[in-house]
Amino acid sequence: MTAASELAGFDLEAPSVDMQASIGGRPVVSPVLTASGCSSFGQELDPFFDLASIGAVVTKSVQLRPRSGRATPRMAETPSGMINSIGLQGPGIEGLLADELPWLAARGAQAFVSIAGSRTEDFAELAERLRGAPGVLGLEVNISCPNVESRGEVFACNPDASAEVLAAVRAAADPAHPVYAKLTPDVTDIVSVARACADAGANGLSMINTLLGLVIDTDTMRPVLGGVTGGLSGPAVRPVALRCVWQVHQALPNVPILGMGGIRTGLDALQFVLAGAGAVSVGTAVFNDPSAPARIHAELAEALGERGFGRLADAIGYAHRAPEESSGRHGR
Amino acid sequence: MTDETSTGERVLPPVPGTVREKLGQPAPPPEHDPVQGLAVVVGSRPVSAYTELTLEAPDIADVAQPGQFVAFAVGGPTSAMLLRRSIAIAGVGGGRFSVVVSARAAGSTWLAGLRPGDEVDVVGPLGRPFPLPAPGTPALLVGGGYGAAALVGLGGLLRSRGHEVAAVVGAGDEARLCSVDELTEVAAPFVVTTDDGSVGRQGRVTGPVAELVSGAGVVYACGPMPMLEAVAGLATDRGVPSWVAVEESMACGIGVCMTCVLPVVGADGRSRFARSCVEGPVFAGDRVRFRDVGTLPPDVVGADAMGVAHTPAIEGETP
């Protein structure tokens, strides 16, 4: 048996590309992060790669109270993806502060903490509780989880509701913590939601959350999931995610974007960087390949080097350059 | 996470005949972290309705313990099937391990079609192994369908440690029996049942189990949930501790996806949704709330935050 990293043919030492990235102005060693809800709180991935070697562990959305999550079945495989209806099972903020964050900090890993709630005040209280917590890089504000009790709780479907949450979180959060809004693609105009969040004080945008989906069991002739509908993720949603990143970067070129949605390889990650993402999250791919974040970092570095980039930063949004520049070699 | 992971001590079941006042202890976590890599298929043979694969993977085979499983990536590097297929380890030896594949849908059919020389990405060993009983404790193994494969390694280990081992394996029909030859070598008495009577005693495993359980000091079971519920119930009724290896639908096998949960009574007496992969698949039989699998019981920790009274089962969500 040979380690997957060796067989994949990549060498973690080789890239000469400067891969330093930034999350809301805070430097991180890699533009590759895990994705909220796909890596729990990081501990289970520890046997597979060095958690300190990636940009951050984006922790599963935490709420004020512990949550059981929904009844099973909670997932169904779909073409190049899956739908899930976990229902934000988690330990609550007390458990996160007592167990998960100290463990990550002791490992030298950065935590980008996803917070969720059903009221604006919940989000603000969570941000307040996380002030000064060890190893916290920043906050990802999950205003777009599809697996909540009603669609009315999906703040990110409405620019005003999104702005209210982001303003409250920005005001309550540790000034050192960049605050990113996690957006849903299930809207007519994602740019208007993105702009509302940025105007309200969000330091960046995470795009995208899952798309609301449904699978029916043709034997029982009922929906597969206990929660009926669920969030679709995986490579199947990648073009949708990429389109969202492209549109928002085009409209708001100075707002940092954490891109995600179906990233499975370094070239997938490169597409998001070229569309305008300054960093990326790897989510569902981890279920298929638990070492995917480290692999994708190495593949992205190699892909950037092959294209003549000396720094990751130079590739961000590069696909938006004027058409005439595309006739020859890109200049930097 | 949960309190189960903090109990490092390997707790042994009481000796036969003692009254059990408390629930069985949670199975301790494994001693070795899982590894990921490519394993080479070195053998493939049909075993009645199933396919037994043998793979060369010393990193896994040399440290795996009975009750643990592996998780395969299926369909190759560009596969559209992203979720891992988790299968119990049926046997280990010489740097190799074997699994019994039941080809049902596209992913398991792909696995069953692997041939010697093929490589497959595998993660393992995963999950908590079967805790071993105190010296001299007679054991009863109960397997349903291909679940019997998960008991083969355990049976051999128990025999090598001097335990008396009895076994009951059952299936719908003869073709869906599994690991009969292997268990015949280690278990006596050894009883086979089939629902249709095509071989062995006609009926479910519960008949022979009810007869044999009183002579056992510990019961180990692997198979479909209804069978596990019945077997654990028979053991508990007679004051015999039991360990069940559950089968739940898993997406990752390593503890990050949160899809394979079921309600389990924790060491503190409170029920939680426990992940079958890292908090199981082996649970004390009297701790699993079989009747509540697939529901959200109101007393599960965190159910109050779910608005559980308003969760529709089938009717659908408010758009």
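Which residue of β11(A) is the bridge partner of A:Lys182? The model is predicted.

1. **The bridge partner.** In β11(A), A:Ser206 is the residue that bridges to A:Lys182.

2. Within β16(A), A:Ile257 stands opposite A:Leu205.

3. **The two faces of β11(A).** In a regular strand, side chains alternate between the two faces of the sheet. In β11(A), residues 204-207, A:Gly204 and A:Ser206 point one way, while A:Leu205 and A:Met207 point the other way. Are these residues buried or exposed? All of them are buried.

4. Helix α5(A) packs with helix α4 of chain A, residues 159-172, at an angle of about 25°, and the axes are 8 Å apart. Because angles under 35 degrees count as roughly parallel, α4(A) is described as roughly parallel to α5(A). The crossing of the two helices is right-handed. On the side of α4(A), the contact is made by A:Pro159, A:Asp160, A:Ser162, A:Ala163 and A:Leu166. From α5(A) come A:Ser192, A:Val193, A:Ala196, A:Cys197 and A:Asp199.

5. **Helix α3 of chain B.** This helix spans residues 152-160, and its buried residues are B:Val152, B:Gly153, B:Leu154, B:Gly155 and B:Leu158. Against which elements do they pack? The buried residues of α3(B) pack against strands β4 (85-93), β7 (139-144), β8 (165-171) and β11 (218-222), and against helix α4 (180-186), of chain B. Just after α3(B), B:Gly162 adopts a positive phi of about 90°.

6. **Contact between the chains.** How many residues of chain B are in contact with chain A? There are 46 residues of chain B in contact with 48 residues of chain A. On the chain B side, β1 (35-47), α1 (58-61) and β6 (119-126) each supply at least two residues. Strand β1(B) gives the most to this side, with four residues.

How values were computed: Residues are numbered from 1 along each chain as its sequence is written. Chains are lettered from A and ligands numbered from 1 in the order in which they are written. This is a predicted model: local features need pLDDT of at least 70, side-chain atom pairs count only at pLDDT 80 or more; totals for chains, interfaces and linings use all residues. A residue is buried if 20 or more other C-beta atoms lie within 10 Å of its own, exposed if 12 or fewer, and partly exposed in between; C-beta atoms are placed from the backbone. Two strands pair if DSSP finds at least two bridges between them. Axes are lines fitted to C-alpha atoms, for helices over the stretch in contact, and angles run from 0 to 180 degrees between N-to-C directions. Angles under 35 degrees count as roughly parallel, over 145 as roughly antiparallel, 65 to 115 as roughly perpendicular and the rest as oblique. A crossing is left-handed if the near helix is turned anticlockwise from the far one by less than a right angle, and right-handed if clockwise. Two residues are in contact if their C-beta atoms, placed from the backbone, lie within 7 Å.
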